[in-house]
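Hi,

Here is the structure I said I would pass on.

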Amino acid sequence: MRPPPEAEIYAPEFPTGADWLNVAFLRMSTLMGRGAVLVEFWDFARVNSLRTMPYLKAWHERYADAGLRVVAIHSPGYSFGRDRDTVARAVERLEVPYPVMLDPELEAWQLYGNMGWPGRYLFDRTGKLALIHYGEGEYLDTELAIQECVGETMEPLEPVPPEDAPGVLLEPQTADIALPADRERLELVRDWTDGDDWIEAADAGAAASFSYRGGGAYAVLSGAGAEPGLYEVEDAVEAESPGLRLHGVQFTPAPPAPAGSLSGA
């Protein structure tokens with residue numbers, strides 16, 4: 001969404017003392033005047049953040065020389081995401097090439113009044129807000145706004161998955177499962193104990209199954225030797241050993257039906 005032309009909304013400064021990955025530290029005040037800044041709030045354990053990442057990497061590569069600086073703010077939605085080393089491993093594993101600010105206490109999130117993952121804010125060379133968007137999508141308009149901010153013109157990126165194409169209508173999908181609040185949406189085998197933002201398997205063989213409508217399902221897991229993060233699953237999670245924590249299940253949209261076909265045929 002482009003703010004009204006008369007709107008005077010400027011980039012907040014990054015919180016003092018924030019920890020960074022891929023760079024010693026950054027100050028918004030020193031970035032302004034050098035070029036445009038694209039700030040993205042994300043979480044490595046949110047599938048919609050990961051689905052947006054190919055575009056961020058491509059914009060970083062395409063427009064860095066023209067003056068674009070991509071800055072990712074990692075604001076965790078799960079307790080394990082507050083651990084620096086866990087996030088650092090994810091940033092390395094995902095080959096994130098741009099600076100990442102750690103926001104374990106959601107200080108920057110609150111400063112921006114952010115409303116979800118991903119949350120995208122594009123600021124021009126003066127620090128004025130040029131575009132804001134929550135969630136996936138709006139990739140074409142974002143890239144066109146980047147080009148306006150840096151004075152560069154080229155053919156925009158092609159959609160990565162087909163559901164990202166402008167104007168595509170997608171089937172409704174199942175809402176994500178958050179635990180332990182949505183425990184009743186699971187069919188549980190054996191004992192699971194509730195935690196702050198997880199349910200934990202009491203013994204090996206404990207299982208949690210679910211039904212959904214969408215393109216794919218991703219379980220958010222930690223504990224019992226599992227690297228914290230997303231794991232693609234079919235319709236169930238089974239604990240190979242006690243202590244496995246299931247934080248939730250996230251779903252992706254089903255790809256659009258081919259032109260001329262009937263949905264569900």
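**What I found**

Among contacts between residues at least 6 apart in sequence, 68% join residues at least 24 apart. Keep in mind that this is a predicted model.

On the overall fold: the chain has five helices and 15 strands. Its radius of gyration is 20 Å, close to the 18 Å that the globule rule gives for 265 residues, so the chain is as compact as a globular protein of that length. Along the principal axes, the C-alpha trace spans about 60 × 55 × 30 Å. As for burial, 48% of the 265 residues count as buried.

Now the salt bridges, of which there are 13.

- Arginine 51 and glutamate 136: the closest N and O atoms are 2.8 Å apart. Glutamate 136 sits in the loop between β6 (129–134) and α5 (139–150), while arginine 51 belongs to helix α2 (residues 47–63), so this pair ties together parts that are 85 residues apart in sequence. Where buried means under 20% relative accessible area, arginine 51 falls in that class at 18%, whereas glutamate 136 is partly exposed at 27%.
- Arginine 245 and glutamate 200: here the closest N and O atoms are 2.7 Å apart. Arginine 245 is in strand β15 (residues 245–252) and glutamate 200 in strand β10 (residues 199–201), so the link ties together parts 45 residues apart in sequence. Arginine 245 counts as partly exposed, with 28% relative accessibility.
- Arginine 46 and aspartate 43: their side chains meet at 3.9 Å, N to O. Both arginine 46 and aspartate 43 are buried.

The lining is made up of 19 residues, and the closest to the pocket's centre are Glu138, Tyr139, Asp164, Ala165 and Pro166. Helices α2 and α5 each supply at least two residues of that lining. By residue class, the lining divides into eleven nonpolar, one polar and seven charged.

That's the lot from my side.

Cheers

Notes. Residues are numbered from 1 along each chain as its sequence is written. This is a predicted model: local features need pLDDT of at least 70, side-chain atom pairs count only at pLDDT 80 or more; totals for chains, interfaces and linings use all residues. Side-chain values use heavy atoms; hydrogens and water are left out. A salt bridge is a side-chain nitrogen of Lys or Arg within 4 Å of a carboxyl oxygen of Asp or Glu. Buried means under 20% relative accessible area, exposed over 50%, partly exposed in between (1.4 Å probe, protein chains only). Helices (H or I, at least four residues) and strands (E, at least two) are DSSP runs, numbered from the N terminus. On a 1 Å grid over the protein atoms alone, a cavity is a set of points where a 1.4 Å probe fits but cannot get out, and a pocket is an open set with protein on both sides within 12 Å along at least five of seven lines; lining residues have an atom within 4 Å of a point. Ala, Val, Leu, Ile, Met, Phe, Trp, Tyr, Cys and Pro count as nonpolar, Asp, Glu, Lys and Arg as charged, and the others, Gly among them, as polar. The radius of gyration is taken over C-alpha atoms; the globule rule is 2.2 Å times the number of residues to the power 0.38. Contact means heavy atoms within 4.5 Å.
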